[in-house]
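Please prepare a short briefing on the structure shown below.

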Amino acid sequence: MYKFTAFISVLIRQFCLPNPFEPLGNVFNLDLFGIAIPMTPDILNWCVEGVLHTLAFVITGIYYRKGVGDPAKGSFLYLFFYCVHTGLLYLMSMFGFAIWAVAIIIVLYIAAHIGINVFKKKFVCGGI
């Protein structure tokens, strides 16, 4: 079941998810330490891809332990968090990565993880 889930995950990530940087336009300038670098959404997506994979893998590790549970569950959770992170990046780029929008989205995302873990400890793991 794991190999099937992993295969479906690759297909979804490669062909179904949008480029999260498309709302920025065809060509835009990336300001890096006062230097304007012309950038396209595709190039920026390639640059961010490794960070996105690593972040999805780390967040999956919060909810799934390798070797303890079903590997298909871990693969599904990885796909889920990859899709969530892509969606959050898309939402941030819709606002042009404005500081206020990025801060609000990150705070709400962290609060959601804290809330889920508190709920999990209290009700699933036999809390009070």
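In this predicted model, 16 residues line the largest pocket, and Tyr-2, Phe-57, Tyr-64, Gly-74 and Ser-75 lie nearest its centre. A pocket is found on a 1 Å grid over the protein atoms alone, as an open set of points where a 1.4 Å probe fits, with protein on both sides within 12 Å along at least five of seven lines; lining residues have an atom within 4 Å of a point. Residues are numbered from 1 along each chain as its sequence is written, and side-chain values use heavy atoms, without hydrogens or water. Local features need pLDDT of at least 70 and side-chain atom pairs count only at pLDDT 80 or more, whereas totals for chains, interfaces and linings use all residues.

**The largest pocket**
- The space in the largest pocket is about 390 Å³, a volume being the space filled by probe spheres set on grid points that are joined across faces, edges and corners.
- Helix H1 (2-16), helix H2 (41-63) and helix H3 (71-94) each contribute at least two lining residues; helices (H or I, at least four residues) and strands (E, at least two) are DSSP runs numbered from the N terminus.
- The lining comprises six nonpolar, seven polar and three charged residues. Here Ala, Val, Leu, Ile, Met, Phe, Trp, Tyr, Cys and Pro count as nonpolar, Asp, Glu, Lys and Arg as charged, and the others, Gly among them, as polar.

**Helix H2**
- The 23 residues of H2 should span 33 Å at 1.5 Å a residue, which agrees with the 31 Å between its end C-alpha atoms; the expected span is 1.5 Å times one less than the number of residues.
- At Val-48, H2 bends by about 40°, the angle between axes fitted to the seven residues ending there and the seven starting there.
- Among the buried residues of H2 are Leu-44, Leu-52 and Ile-59, where buried means under 20% relative accessible area (1.4 Å probe, protein chains only).
- The buried residues of H2 pack against strand S1 (28-32), strand S2 (35-39), H3 and helix H4 (99-124).

**Buried residues in other helices**
- His-113, in helix H4, counts as buried because its relative accessibility is 10%. Beyond neighbours within four places in sequence, His-113 is in contact (heavy atoms within 4.5 Å) with Ile-59, Tyr-63 and Phe-81.
- Thr-86 belongs to helix H3 and is buried, at 5% relative accessible area. The C-alpha atoms of Thr-86 and Pro-20 are 5.9 Å apart, although 66 residues separate them along the chain.

Technical notes: Buried means under 20% relative accessible area, exposed over 50%, partly exposed in between (1.4 Å probe, protein chains only).
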